[in-house]
Amino acid sequence: MSDVLDHLHGNLRRISNRRVHGRVAAVQGMLVEVEGLQGHLSIGDRCRIAARGQRLVVCECIGFRDRRALVMPYQALEGVALGARAEALPAEPAVRPTDAWLGRVVNAFGEPVDGGAPLPQGDEAVPIRSAPPSAHARNRIEGKIDLGVRVLNTFTTCCRGQRMGIFAGSGVGKSILMSMMARFSEAQVIVIGLIGERGREVQEFIQDELGEEGLARSVVVVATSDESALMRREAAHLTLAVAEYYRDRGLDVLCLMDSVTRFAMAQREIGLSAGEPPATKGYTPTVFAELPRLLERAGPGAGPDSGSITGLFTVLVEGDDHNEPVSDAVRGILDGHIVLDRTIAHRNRYPAVNVLRSVSRTMPDCNDAAQNRIVDRARQLLSAHDDMAELIRLGAYRRGSDPQVDEAIKYNGAIEGFIAQGKNERASLEEGYRALAEVLDMDYGAPSDPSEDVDDGGEEPD
């Protein structure tokens, strides 16, 4: 009983009975200038402004100018008048997750938006924005994670705590691929962030793609495209904050975010409103500073009792240009990339993963020699077929001209069939290597020494 009273007393001491007020001095677009709070607000702190009809608009401080605090609203500014009262909020932005959050859909404030009961609040406050573990204290990435998708398990094998990017244009199958991983992955907890998603597609994703099986062990954070830039950015940070809560409890978390590009667009909108100069393709400098701060929060935890966050972040490439600024920046931060190809999607082969353009940086070390030989052999055949694809389609290639191309033509259909997978079909990690070995007429036997040199020149084992 005394422990409960001590905990309650500690919480009461943190409640401030002092209120600080200011006034709205100017409004320009989505930027509000507040005077009287400049000494009481720091960057990232929140305040609330009284609007017409007793409505309170929560805002965040993003800068200062001429002894005024520059704040942006999380909600619409309708009803806010010149001279309206602004009150500083003392608490640091934080949430209090519990196991009861599993199976629920929340907004950027951690409030339920699924029509269910109010969310229970845990004892521990988790900051919405926090620094990742120290690089020296962080655990190493170890052990594969089964994502349940055959092409990812075999050609871009992921380890626990790895961060991967899924690069694709619109309508190429990112959402379905995410739902397959959410349902079939062996991760203990799934945290899904839908950032800037179309409002009508949220229910479709949750009910049709994710389903009861996937939702039961997931927390879904949603900020639709019609919400403010701050809500979209905050939803991305909340997604990582919830994932960190479960990671620090020793669980292996799969964090899926769709999409990092919309997070970057939200940050660009905030930066431009604050007066930042546009740089590459209109993106402000803070966009490229905020991206690593967000993405570095995923990964292994620190200490023997900590779990991991395996992050898969989608990148919506503009105009199918995989070298546009956000794609280029994200690719340099993450531990690998998965490319979804529109040309492959047009052939009706899903998942539309371009194997030759996708890579996992941890894969060669986490696989044994036999597994690497199988994957290398398949990549060689796919590459040989891709080099001669135009001549093969035109009928200009003569069989017998190149033995390697002949072999690539022989196996191409079987490899494509291996990669294809229905959205309700689960494929385990070990089954994938065995099935690919059968497709290539290779023996699959793991060597006794996993450190054996795997560069065998692409020759098949006897």
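Methionine 442 lies in the segment after helix 14 (429-439). Helices (H or I, at least four residues) and strands (E, at least two) are DSSP runs, numbered from the N terminus. The model is predicted: local features need pLDDT of at least 70, side-chain atom pairs count only at pLDDT 80 or more, and totals for chains, interfaces and linings use all residues. Residues are numbered from 1 along each chain as its sequence is written, and side-chain values use heavy atoms, with hydrogens and water left out.

Methionine 442 is buried, at 9% relative accessibility. Buried means under 20% relative accessible area, exposed over 50%, and partly exposed in between (1.4 Å probe, protein chains only). The C-alpha atom of methionine 442 is 7.5 Å from that of isoleucine 374, 68 residues away along the chain.

The segment after helix 14 also holds tyrosine 444. Aromatic pairs were assigned to rings of Phe, Tyr and Trp (its six-membered ring) with centres within 6.5 Å; planes under 30 degrees apart count as stacked, over 60 as edge-to-face and the rest as tilted. The structure holds five such pairs. Tyrosine 283 and phenylalanine 288 form an edge-to-face pair, with 6.3 Å between centres and 70° between planes. Tyrosine 283 is buried at 1%, whereas phenylalanine 288 is partly exposed at 28%. The rings of tyrosine 433 and tyrosine 444 are stacked, because their planes meet at 25° with centres 6.4 Å apart. Tyrosine 433 belongs to helix 14, so the pair ties together parts eleven residues apart in sequence. Tyrosine 433 is buried at 0%. Tyrosine 444 is buried at 16%.

Charges also sit over rings (NZ of Lys or CZ of Arg within 6 Å of the ring centre and within 35 degrees of the ring normal). Arginine 150 lies over the face of phenylalanine 418, 5.6 Å from the ring centre. Arginine 331 has its charged end over the ring of phenylalanine 167, at 5.5 Å from the centre.

An unreviewed UniProt entry places the feature "domain: AAA+ ATPase" at residues 160-345. UniProt positions follow the numbering used here, feature names are shortened, and annotations may be inferred rather than shown by experiment. Residues 160-345 are 46% helix and 24% strand, with end C-alpha atoms 29 Å apart.

Salt bridges were counted where a side-chain nitrogen of Lys or Arg lies within 4 Å of a carboxyl oxygen of Asp or Glu. The count is 32. Arginine 163 and glutamate 296 form one of them, at 3.1 Å from N to O. This pair links distant parts of the chain, 133 residues apart: arginine 163 is in strand 10 (residues 163-168), and glutamate 296 is in the loop between helix 7 (285-295) and strand 14 (299-300). Arginine 163 is buried at 8%. Glutamate 296 is partly exposed at 28%.

Arginine 200 and glutamate 201 form a salt bridge at 3.3 Å, N to O. Arginine 200 is exposed at 57%, but glutamate 201 is buried at 18%. Within helix 7, glutamate 290 and arginine 293 lie three residues apart, about one turn of the helix. Their salt bridge brings N and O atoms to 3.0 Å. Salt bridges with shared partners join Arg46, Glu60, Arg129, Arg233 and Glu234 into one network.

Serine 179 lies in helix 3 (residues 174-184). Serine 179 is buried, at 0% relative accessibility. A polar atom of its side chain lies 2.7 Å from the backbone oxygen of isoleucine 176. Beyond neighbours within four places in sequence, serine 179 is in contact (heavy atoms within 4.5 Å) with Phe205, Glu209 and Leu210.

Definitions and conventions
A polar contact is a pair of N or O atoms within 3.5 Å; within protein, one must be able to donate a hydrogen and the other to accept it, and residues adjacent in sequence count only if both atoms are side-chain atoms.
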